Each structure stands twice: as structure tokens, then as C-alpha cells.
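Hi everyone, thanks for coming. Please have a look at the structure on the screen, and then I'll walk you through some of its side chains.

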Amino acid sequence: MMGVPWIECLVSGAVVLHVIVCPYTKVEESFNIQAIHDVLHHTTNISQYDHLQFPGVVPRTFLGPLVVALSSAPVVGVMSAVNVPKIFEQTVVRLCLGNAVLVGLLAYADAVKKIFGRRTAQILLLITASQFHFLFYCSRPLPNIFALVLVLFALRSWLKQQHKSFIWLSGAAILIFRSELSLFLGILLLMDIVRQRVSIVSLITTAVPAAVVLLVTTVVVDSYFWQRYLWPEGEVLWYNTILNKSSNWGTLPFFWYFYSALPRALSFSIFLVPLGLYLSPRLVQLVLPALIFVLLYSFLPHKELRFIIYVIPVCNTAVAETLHKLWINRNKSLFKKLMAFGAVLHICGNICTSGVFLYTSYLNYPGGQALHRLHQIESPNLDVHVHIDVAAAQTGITRFGQMYPNWIYNKTEDLVPGGEEMMSYSHIILGDPENLEFYKTTHTVLDTVDGFDGLHIDRNKPPFLFWKQKPKMWILKKV
């Protein structure tokens, strides 16, 4: 599409690399990854689905997991038939989701090409490949990532002034996955209304049917899977925004997105965003709504980088246009030549920070690694009844990781440490070191799993940057 296939291959390869290095998922992804597993393996047997036993704080839609499960079903079916370990199915479903985001990114880049030129679109993909967070998250089954696919296609439609598809895609992203996107996509729509690119009549005749169809779809599908009538994103909106209960999971300062999240996500590219707005003023109508969205969303005290991931491609468009303009003007003066080469070299800085982030993330899934080690240590023919504590379940253990059908995997919460029920398990994967004392005389430690415990800089010892680790998981076996 871009005319330079190696750039597309580079971005695709980066997605695959992130999945292979960090194959496990965390607690935020728990509902969707378990739902994908259950759709693939339990199909219509809803009673066996994980979410009925562990529903989480708020319900989430099954529409995203359904699409990923259906797209990955042919490959997963073959893998299951030839007895490939089930954990590799998780890699397949994550790659399917990552591919959907990649297709959306290429569609967005195609629209960028039409407006800003082929070189800017190519540089956009190159910059994205050099950064960590967008590609790290794009294969992770989060509501934000399902929404991201729709947002990328919606942005493509907006840039190409295809208003009907923009309204439908925006409606799906907002009503099904993430209601707060009304702030971002709503601003873009409002701008078109003010500029008379979209009439009120056209808006109503498109938006009302779209809203009805989308709401009926999510209510019908999700009421079936949840076994009660509901609109999942409506309940999420009420819980997180109206009741402001999301703050129960931690709060951060108002400007955290601007001084921490965006600088980490964009890495060294962030310095070129304002320069791009100066060199190419037409970027303002694209970038400013994204920044306003981040500002408005900052009023919610609970903040995470994934909540604003949609603005990364937009900001990278400004960076790409900056690089393009600096490069074509590099021979006009020595200063411009230095500026151009400095701007190009910033990609190397991005790659270095991405390497640091990637290895740090690799060390951040001790739960998944602990279950994998247990499978290596114990024979699949043993009668194993393993309890997975909360810390382990939150750091990498999913149903895809439950490899042996004759083993019993249990993650019941709030059991008394050392109590009668805990003593009924043959094995325990424990993530709370304070509870080790309850099992000193009854269990033996089969293995420990280290995890990330911070970075250490030693200016006297190359390579100067070191990763500190400490025991995070203990695999116990009853004596």
C-alpha cells in the first residue's frame, strides 16, 4: 500500500516480536482473553465460561472476543487437532488482534498519504515501529484495543471526508467498547458540523439508525453471554464516570498524561510534535482534538496510558511530517542539515528506549512463568490440584495456560492462608511472600520465579543499565 513493503514488514515484525517476548497477559486483559478461550473451547456451553464465576467489577462486551475467536478458530482448530500446547493458541489469538490493529494503522496511513504525501505516510509507519507502547498494546485483548481498531478506521474516514462510515465506526467504538471516545471523535464531528461539511439532517439520519443497530447488537449478544439483560458499556460508563469508582484502582495527578504517559509512549518523538504543528499548520485540525481529548480525560483521577492510546498515531503523524519537511530542506543551510540528521537519529533513541521497555515487560509476568515451570517440573500424568493465588492470576495465568486436562486449576479468592481448604491442594502458586510461613512444615518449595524489581544505573560498569530482580512467585508442593 505504501509502495515500500519492507516498512510494512518492519511494523508487522515488531508486533510479532512483542507477542513472542511477552506472550502472557495481565489482569486488565483477563476478561477478554478468558472470553476468547471460552468461545473457542466451550462454544455455546455458557455454564463453563470463566466470567460467570469471576465476573469482575463491571461487565464487558463479548463482541470483541467473538470476532477474535472466529478469526483465529481455523488455526486454533488445527493446533488443537495435532495437540499443540494450548498456550500457543494464546499467541495466535493475540497475533490476530495485533493484525487487526495493523490493518487499521495501514488504513489510517493510506489516508495520511492522500493528504500529506507518500513519504510522510511511510515515515509514520517507521516511527511507530521504533516506539514501544503502541505495538506492545496492539495485541493485548483490552477494550481500548478493540476500540483502537475502529478508531483507526474512523480517523481514515474522517480524513477522507467519508462521513457516514465515520459516524458508524465512531458509534461502534463509543457504544460498544469505550464511551469516553465520544470526547475525541465527537470533537472531530463537531468540527465538521461547524465547517458545514456535515449537515444536521445528514447527521441525524445516519447517527440515529447507527445507534439503534449498534445498541441492539451489543444488548442482544451480551445479554446472551452474561445471562441477564444489560448494555455493558453503559454499566461501565455509570461505574467509572458517573460514580467515579475507577478511582478505587488508583489516582494520578491531573497532568500525568502530558508529563508521563505521552512522553513514554512517543519517546524522543515527542519533541517533534510541536515543531510539526509549526511547520505544517494544517496538522492542527488533526492533532488539537486529540490533545483536547487527553486534557478532558485528565479530569478522571484514575489514569492509564492505554486509555489515551488512540492519540499516538495522530501525534506520530505530526512527527512524520516534521521529519519529511526537515529532510527535504536539509541542503538549504548547515543548521537545517544538522536539524534533519538530528531528527532522523531520534529514531535510534526510540529503538533504545523500546528495548529497555521490552525487556522490563518480559520480566513482569511471573505468574505465567510460574505455571509454565510447574508444567515442566511435574508429570502430566500426576493428579495435580493447583491453587493459583490472586497475584499469580494477575500476572500471566489464563485458561490458555492450563495445559493438562487431567489437572485441576483453581483460582478461588479470599481463602484463609494455611486454612483447611488451602491444605486440600496438592500444589500452590503463591505470590505473597508473607503467606509462605503458613506452609513451612506442610509444603516444599519446588521452584521460585524472579520478577522485575527496578532499574539500576552503574556509571562505572558497562553497559551501565541493569535490571534488578527478586523472587515474585513460589511454587509449593504439599509434602
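**Side chains at a glance**

Let's begin with a lysine: Lys26 lies over the face of Tyr365, at 5.4 Å from the ring centre. A charge counts as sitting over a ring if NZ of Lys or CZ of Arg is within 6 Å of the ring centre and within 35 degrees of the ring normal.

Before I go on, a word on what you see: this is a predicted model, where local features need pLDDT of at least 70 and side-chain atom pairs count only at pLDDT 80 or more, while totals for chains, interfaces and linings use all residues. Residues are numbered from 1 along each chain as its sequence is written, and side-chain values use heavy atoms, with hydrogens and water left out.

Which ring does Lys411 lie over? That ring belongs to Phe54, and the distance to the ring centre is 4.7 Å.

Lys411 also takes part in a salt bridge, meeting the side chain of Asp50 at 3.2 Å, N to O. By salt bridge I mean a side-chain nitrogen of Lys or Arg within 4 Å of a carboxyl oxygen of Asp or Glu. This pair links distant parts of the chain: Asp50 is in helix α3 (residues 50-53) and Lys411 is in the loop between β2 and β3 (427-430), 361 residues apart. Helices (H or I, at least four residues) and strands (E, at least two) are DSSP runs, numbered from the N terminus. Is Asp50 buried or exposed? Asp50 is buried, because its relative accessibility is 5%. The cut-offs are these: buried is under 20% relative accessible area, exposed is over 50%, and partly exposed is in between, with a 1.4 Å probe and protein chains only.

Next, find Arg399 and Asp38, whose side chains meet in a salt bridge at 2.9 Å, N to O. This pair, too, joins distant parts of the chain: Arg399 sits in the loop between α19 (390-394) and β2 (408-410), and Asp38 in helix α2 (residues 30-42), 361 residues apart. Arg399 is buried, with 14% relative accessible area, and Asp38 is buried at 1%. The structure holds 16 salt bridges.

Another salt bridge joins Asp192 and Arg197, with the closest N and O atoms 3.5 Å apart. Asp192 is buried at 0% relative accessible area, whereas Arg197 is partly exposed at 38%.

Staying in this part of the sequence, Gln196 is found in the loop between α10 and α11. Most residues other than glycine have a negative phi. Gln196 has a positive phi of about 65° although it is not a glycine. Gln196 counts as exposed because its relative accessibility is 72%. Asp414 is another non-glycine with a positive phi, about 60°. Asp414 lies in the loop between β2 and β3 and is exposed, at 77%.

Let's move to helix α11 (residues 200-226), where we find Ile204. Ile204 is partly exposed, with a relative accessible area of 47%. Ile204 belongs to a nonpolar surface patch with Ile200, Val208, Val212, Val216 and Val220, and together they have about 530 Å² of accessible area. For patches, residues need over 30% relative accessible area and no salt bridge; like charges are joined within 9 Å, and nonpolar side chains (Val, Leu, Ile, Met, Phe, Trp, Tyr) within 5 Å. The areas come from the Shrake-Rupley method with a 1.4 Å probe, and for residues only the protein chains shown count as cover.

On to the rings. Rings of Phe, Tyr and Trp (its six-membered ring) pair if their centres lie within 6.5 Å; planes under 30 degrees apart are stacked, over 60 edge-to-face, and the rest tilted. How many aromatic pairs does this rule give? The count comes to 25. One of them is Phe136 with Tyr137, an edge-to-face pair at 5.5 Å centre to centre, with 75° between the planes. Both partners are buried, Phe136 at 7% and Tyr137 at 17%. Ring pairs also link Phe184, Trp256, Tyr257, Phe293, Tyr297, Phe307 and Tyr310 into a cluster.
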